[in-house]
Amino acid sequence: MDDQIDYGDLAGVDGASAITIMLWYNPDIITGDQDIVAKVSGTTWAVGIVQDTNDVKVYHGNGTISGVTGGGVLAAGVWVHIACVYDGSQADNATRQRIYINGINQTLTFGGTVPATLGDAGTAVFTLMGNSGSGLGFGNGKVELFKVWVGAALTASAVVQEMNSYHWVRSRPTILHSLVDGRDARDYSGNGNHGTLTGATTASGPPQ
């Protein structure tokens, strides 16, 4: 689907020591920085997943890049599965922040030290493809099958299981499971974190 979805102040994200976020993504264009997922207030990021031209980067904390892929993992009009797994209890950048593209762990470049906990963005709205207030561009593409676990850093094998499943495989502690099917952005996790769509349109989905 296109345009933006607001999920409100998603409970538990701020200050979390672990989080897994995944979705299918298909960029319409390859240009500049565009928000895919974000919860940010001013320069403080709880979390941000951003299209960096044809790569993917993650923000946490004070806005320092907490990891960016290389080699051009995105292409206009091509569906890819993105999974960002953060575990602040780990010892170094490479184990604290992982980005999986189509189930494959990427070698990341870091802009600083990945923090031990996510930043506190207060009551800022958790957005998908929207105006997060980050100062970056709106997302310009399509997304489906949006899943978020707060307090859980999924393993590589679990990421692949979830990538290949329309529903969730690991049901707890799922905080958000939104199909984003062009009709609504309901949360099927049971937590009531339903999204508000603006300007959604339907499109052909990812390769399930």
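**Entry 1**

I began with Phe126 and found it buried, at 0% relative accessibility. I note at the outset that the model is predicted. I then looked up Phe146, which is buried as well, with a relative accessible area of 1%. I recorded Phe126, Leu128 and Phe146 as the residues with the most contacts inside the largest nonpolar core, which has 40 residues. I listed the elements that give two or more residues to this core, among them strand 2, strand 3 (33-41), strand 7 and strand 11. I also noted a second, separate core of nine residues, which includes Ala83, Tyr100, Ala158 and Val159.

**Entry 1: Aromatic pairs**

In one of them, Trp45 and Tyr59 are stacked, at 4.7 Å centre to centre and with 20° between the planes. Trp45 belongs to strand 4 and Tyr59 to strand 5, so this pair ties together parts 14 residues apart in sequence. I found Trp45 buried, with a relative accessible area of 6%, and Tyr59 buried with 9%. I next examined Phe126 and Phe146, a stacked pair at 6.2 Å centre to centre and 25° between the planes. Phe126 lies in the loop between strand 9 and strand 10 (127-128), and Phe146 in strand 11, so the pair links parts that are 20 residues apart in sequence. I assigned Tyr7, Phe126 and Phe146 to one aromatic cluster.

I traced six strands in an open sheet, in the order 9-8-7-2-11-12, with antiparallel pairing. Strand 9 (104-105) and strand 12 are at the edges with a single partner strand each, so one side of each has no neighbour in the sheet. I then asked which residue in strand 8 is the bridge partner of Cys84. The partner is Ile99. Strand 7 (residues 80-87) and strand 8 (residues 97-101) run antiparallel and are joined by five bridges. I saw helix 2 (residues 156-163) packed on the sheet, in contact with strand 2 (18-27), strand 7, strand 8 and strand 11. The direction of helix 2 makes about 40° with that of strand 2.

**Entry 4**

I counted four bridges between strand 11 (residues 141-150) and strand 12, which run antiparallel; Lys147 stands opposite His177. Five of the five residues of strand 12 (residues 174-178) are buried, so the rest of the structure largely encloses this strand. I placed Arg172 in the loop between helix 2 and strand 12. Arg172 counts as exposed, at 55% relative accessibility. Beyond its neighbours within four places in sequence, Arg172 is in contact with Trp149 and Ser189.

Key: Residues are numbered from 1 along each chain as its sequence is written. This is a predicted model: local features need pLDDT of at least 70, side-chain atom pairs count only at pLDDT 80 or more; totals for chains, interfaces and linings use all residues. Side-chain values use heavy atoms; hydrogens and water are left out. Buried means under 20% relative accessible area, exposed over 50%, partly exposed in between (1.4 Å probe, protein chains only). Two strands pair if DSSP finds at least two bridges between them. Contact means heavy atoms within 4.5 Å. Axes are lines fitted to C-alpha atoms, for helices over the stretch in contact, and angles run from 0 to 180 degrees between N-to-C directions. A nonpolar core is a set of buried Ala, Val, Leu, Ile, Met, Phe, Trp, Tyr and Cys residues joined through side-chain atoms within 4.5 Å. Rings of Phe, Tyr and Trp (its six-membered ring) pair if their centres lie within 6.5 Å; planes under 30 degrees apart count as stacked, over 60 as edge-to-face and the rest as tilted.
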